Amino acid sequence: MIGIVAVLALPLLGAAVLAFVGERPYASRVNVAASLATFLAAAGLTLDVIAHGPQVALGRQFLVDPFNVFLVALTAFVAFTTSVFSRPYMLIEAEHGRLPVARLRLYHGMYQLFTFTMLLALLTNNVGVLWVAMEGATLTTVLLVSLYRTPASLEAAWKYFILCGVGIAQALFGTILLYFAAEKVLGAGGNALLWTELDAVRGDLEPTVLAIAFVFLLVGYGTKVGLVPLHNWLPDAHAEGPTPVSAVLSGLLLNVALYAVVRCKILVDGALPGAFARNLMMGFGLVSVVVAAFLLLRQRDIKRLFAYSSIEHMGIITFAFGLGGPVANFAGLLHMTVHSLTKSAIFFAAGHATQKTGTQIMQDIRGLVTISPVVGWGLTLGALAILGMPPFGVFASEFLILTTAMREQPWATPFLLTALGVAFAAIFSKVQPMVFGDTTATRLPVRPAMLPVFVHLALVLMLGLWIPPFLAQWYRSAAQLIG
Amino acid sequence: MTIGAQLINLFAAILLLLAFAMLSQRRVVSLIDLFAAQGLVLALSTAVVAYTTSQPHLYQSVALTLLLKVFLLPWLLYRMVRRLDVRWEFEGLVNIPTTMLIGIVLVVFAFNLALPISEIASTVTRSTLGIAIASVMLSFLMMIVRRKAIPQVIGFLAMENGLFFAATSATYGMPMVVELGIALDVLVGMLILGVFFFQIREQFDSLDLKNLEQLRDERMPRPGVSRKAQAVSPESKQP
């Protein structure tokens with residue numbers, strides 16, 4: 001219980017302290033310290049769950065089970081490494097004159113609040129509070145996307161606010177319908193929205209109402225996941241915001257939104273006899289994979305390229321959860337983990353690359369290996385990992401998803417294989433010249449902070465070769481829970 | 001039908017009328033008035049539901065609605081309009097008669113969607129669920145057809161009103177913790193938007209959203225986004 005309180009209180013405290021610290025030179029260190037403290041608290045909570053198993057705390061308002069515990073740890077970890085990356089990155093951005101130093105107060109404060117809303121969304125047991133936290137996550141990141149105040153970033157932030165706002169309003173309607181169905185069984189009051197209570201009676205919930213509710217919930221939270229055709233905000237927000245924000249949006253927020261969808265799917269699966277929710281998720285997932293893969297081909301901006309790649313991978317994961325069954329769900333959970341680690345690593349490397357060359361346009365980025373070998377190799381390895389090259393973890397999860405699809409939904413495999421092939425061609429052909437092409441630029445003296453990149457990639461490599469037994473155990477029990 | 005139920009139906013009808021009025025209103029200031037009126041009707045109808053069904057917790061949401069949607073948000077919006085000096089809106093994307101016709105189609109669709117749900121509902125307000133969904137959809141339509149930032153935001157807030165009405169019609173309101181959270185989100189969202197409007201205004205000298213339609217996959221980046229943008233030759237641009 002103390003673990004949950006600490007995980008939620010520390011980022012809030014961090015935000016308050018950072019608002020007070022403002023633009024003083026040590027603010028970015030305080031940001032790293034607050035993120036580290038949150039990560040340690042999350043690690044403590046994780047150890048507690050390993051030792052004592054799942055728990056429901058504080059009047060059943062909070063929940064830690066195998067499905068969310070690894071996401072909490074992952075979120076806190078990536079938020080910490082991103083804060084490490086962002087310290088030199090944002091200082092250089094300020095030096096380059098892209099934003100006044102004074103604005104770092106807003107940046108740091110919002111960064112901590114954003115971490116808080118994501119952790120709250122993961123830990124809450126109340127489906128209504130889950131909605132509130134998801135909306136909070138949008139609100140805290142709008143001003144981060146528009147941090148540079150350029151016309152393009154303002155446009156991206158406006159699109160992000162309006163599209164996700166409308167999407168999340170659909171999810172609210174879905175939540176209202178869910179409460180409406182729950183109230184019939186559980187009676188009025190706060191308990192009728194507690195996920196554990198709903199899960200216990202999910203067989204008795206009114207099927208028609210739940211079917212309508214799920215459509216609204218999927219469309220609503222799906223907007224935040226970036227599922228096609230609701231994905232329009234995603235590439236803009238990723239490309240125009242500061243790189244650390246792109247990394248946490250892609251690596252964490254998309255996961256948390258998908259987590260919300262899957263929590264709702266578990267309830268709907270129990271209430272409806274057929275595979276209604278699963279078919280919907282499979283359809284949305286497959287369309288996202290295929291459309292995003294082909295859109296990858298025409299990208300010119302490095303951050304947009306990897307933003308579309310995130311849509312593609314979110315599509316794969318949604319498809320996996322739609323397939324259902326122990327293997328596909330296991331693979332989906334693994335893919336959530338490795339995608340989050342790999343994609344944030346790629347954004348770190350891409351961020352350094354754009355900072356060194358002064359452009360996000362891929363045609364103008366050449367010869368990264370000459371300019372800075374670490375950045376070049378970091379980007380290459382990251383791209384190979386995200387493309388599903390063995391022995392990285394992405395290969396393991398994609399292989400499991402593909403083989404399950406071949407067995408259970410053979411019609412989907414050609415689409416998946418084509419999309420993966422196209423994505424490979426698109427990303428590899430664009431990354432290769434950026435890294436190895438000829439350049440006139442000389443090697444820069446500044447040493448990039450590449451440690452987070454290689455730590456992430458090492459973890460992805462490890463997950464491809466060996467999954468720690470406790471993690472595998474969580475994946476298995478969560479896969480069983482998801483059904 | 002009891003007098004309470006009749007009153008609730010009357011308020012629901014007024015809500016629907018207000019939604020159409022918002023759809024056809026071109027002046028920003030009048031739009032804010034209509035939004036405040038919508039909040040007031042919402043509060044009145046919730047109060048009647050609270051009284052007739054003796055649900056004391058609904059009085060809290062009445063107070064919340066009055067405070068937030070009748071006073072605070074319209075006041076913030078008025079302030080913004082005054083400080084940004086945007087009184088008029090000239091044209092929408094679709095002309096008003098066509099918008100109204102699309103609106104009518106949406107209402108029919110909303111009533112059909114509400115039918116299976118309200119059959120199961122046991123609340124006295126179940127017949128108004130269709131109207132609630134209709135006003136959500138009409139606000140959605142308003143967001144689509146408006147070209148200026150403030151009317152779009154009012155559409156967004158009106159949508160939230162419609163959702164709140166749906167919650168009262170179907171279930172006598174959400175649990176208090178959720179309702180407070182939603183109210184907090186709406187308020188914080190409004191404040192962030194306020195900051196945001198000034199940023200847009202500073203950058204473009206107008207709140208017209210046509211300025212915000214530049215981002216494309218193959219766009220030429222604007223100066224300031226990338227310092228090397230000019231170096232790309234037109235031949236190398238991808239189709």
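The model described here is predicted.

**Chain B as a whole**

Chain B is built from seven helices and zero strands. Along the sequence, its elements follow the pattern α-α-α-α-α-α-α. The chain has 239 residues, of which 44% count as buried. If contacts in chain B between residues at least 6 apart in sequence are considered, 73% of them join residues at least 24 apart.

**Helices α5 and α6 of chain B**

Helix α6 of chain B covers residues 149–171. At 1.5 Å a residue, the 23 residues of α6(B) should span 33 Å, and this agrees with the separation of its end C-alpha atoms, which are 33 Å apart. The helix is mostly covered, since 23 of its 23 residues are buried. The residue that follows α6(B) is B:Y172, with a positive phi near 60°.

Helix α5 of chain B, residues 129–145, packs against α6(B) at an angle of about 170°, and the two axes are 8 Å apart. An angle over 145 degrees counts as roughly antiparallel, and α5(B) and α6(B) are therefore roughly antiparallel to each other. Their crossing is left-handed. On the side of α5(B), the residues that meet α6(B) include B:L129, B:A132, B:I133, B:V136 and B:F140. Their counterparts in α6(B) include B:Q152, B:F156, B:M159, B:L163 and B:F165. By class, the residues of this contact divide into 14 nonpolar, six polar and no charged.

**The contact between the chains**

How many residues does each chain give to the contact? Chain B gives 49 residues and chain A gives 48 residues. On the side of chain B that touches chain A, the elements giving two or more residues are α4 (96–120), α5, α6 and α7 (176–204) of chain B. Of these, α7(B) supplies the largest share, 14 residues. The side of chain B that touches chain A has 31 nonpolar, eleven polar and seven charged residues.

**A residue of helix α3 in chain B**

B:L66 lies in helix α3 of chain B, which covers residues 57–84. Because it has 18 C-beta neighbours inside 10 Å, B:L66 counts as partly exposed. Apart from its neighbours within four places in sequence, B:L66 is in contact with B:A43 and B:F71. B:V48 is 18 residues from B:L66 along the chain, and the C-alpha atoms of the two are separated by 14 Å.

**Helices of chain A**

Helix α17 of chain A runs over residues 413–436; at 1.5 Å a residue, its 24 residues should span 34 Å, which agrees with end C-alpha atoms 34 Å apart. The buried residues of α17(A) are A:L416, A:A419, A:A423, A:A426, A:I427, A:V431, A:M434 and A:V435. These buried residues pack against α11 (276–296), α12 (302–323), α14 (368–371), α15 (373–386) and α16 (393–408) of chain A.

From α15(A), the residues A:G378, A:L381, A:G382 and A:A385 meet A:V453, A:F454, A:L457 and A:V460 of α18(A). This contact has six nonpolar, two polar and no charged residues.

The axes of α16(A) and α18(A) come within 6 Å and cross at roughly 45°. That makes α16(A) oblique to α18(A). Here A:G393, A:V394, A:F395 and A:A396 of α16(A) make contact with A:V460, A:L463 and A:G464 of α18(A). The residues of this contact divide into five nonpolar, two polar and no charged.

**Helix pairs in summary**

| Helix pair | Axis angle | Axis distance |
|---|---|---|
| α5(B) and α6(B) | about 170° | 8 Å apart |
| α16(A) and α18(A) | roughly 45° | within 6 Å |

Key: Residues are numbered from 1 along each chain as its sequence is written. Chains are lettered from A and ligands numbered from 1 in the order in which they are written. This is a predicted model: local features need pLDDT of at least 70, side-chain atom pairs count only at pLDDT 80 or more; totals for chains, interfaces and linings use all residues. Axes are lines fitted to C-alpha atoms, for helices over the stretch in contact, and angles run from 0 to 180 degrees between N-to-C directions. Helices (H or I, at least four residues) and strands (E, at least two) are DSSP runs, numbered from the N terminus. Angles under 35 degrees count as roughly parallel, over 145 as roughly antiparallel, 65 to 115 as roughly perpendicular and the rest as oblique. A crossing is left-handed if the near helix is turned anticlockwise from the far one by less than a right angle, and right-handed if clockwise. Two residues are in contact if their C-beta atoms, placed from the backbone, lie within 7 Å. Ala, Val, Leu, Ile, Met, Phe, Trp, Tyr, Cys and Pro count as nonpolar, Asp, Glu, Lys and Arg as charged, and the others, Gly among them, as polar. The expected span of a helix is 1.5 Å times one less than its number of residues. A residue is buried if 20 or more other C-beta atoms lie within 10 Å of its own, exposed if 12 or fewer, and partly exposed in between; C-beta atoms are placed from the backbone.
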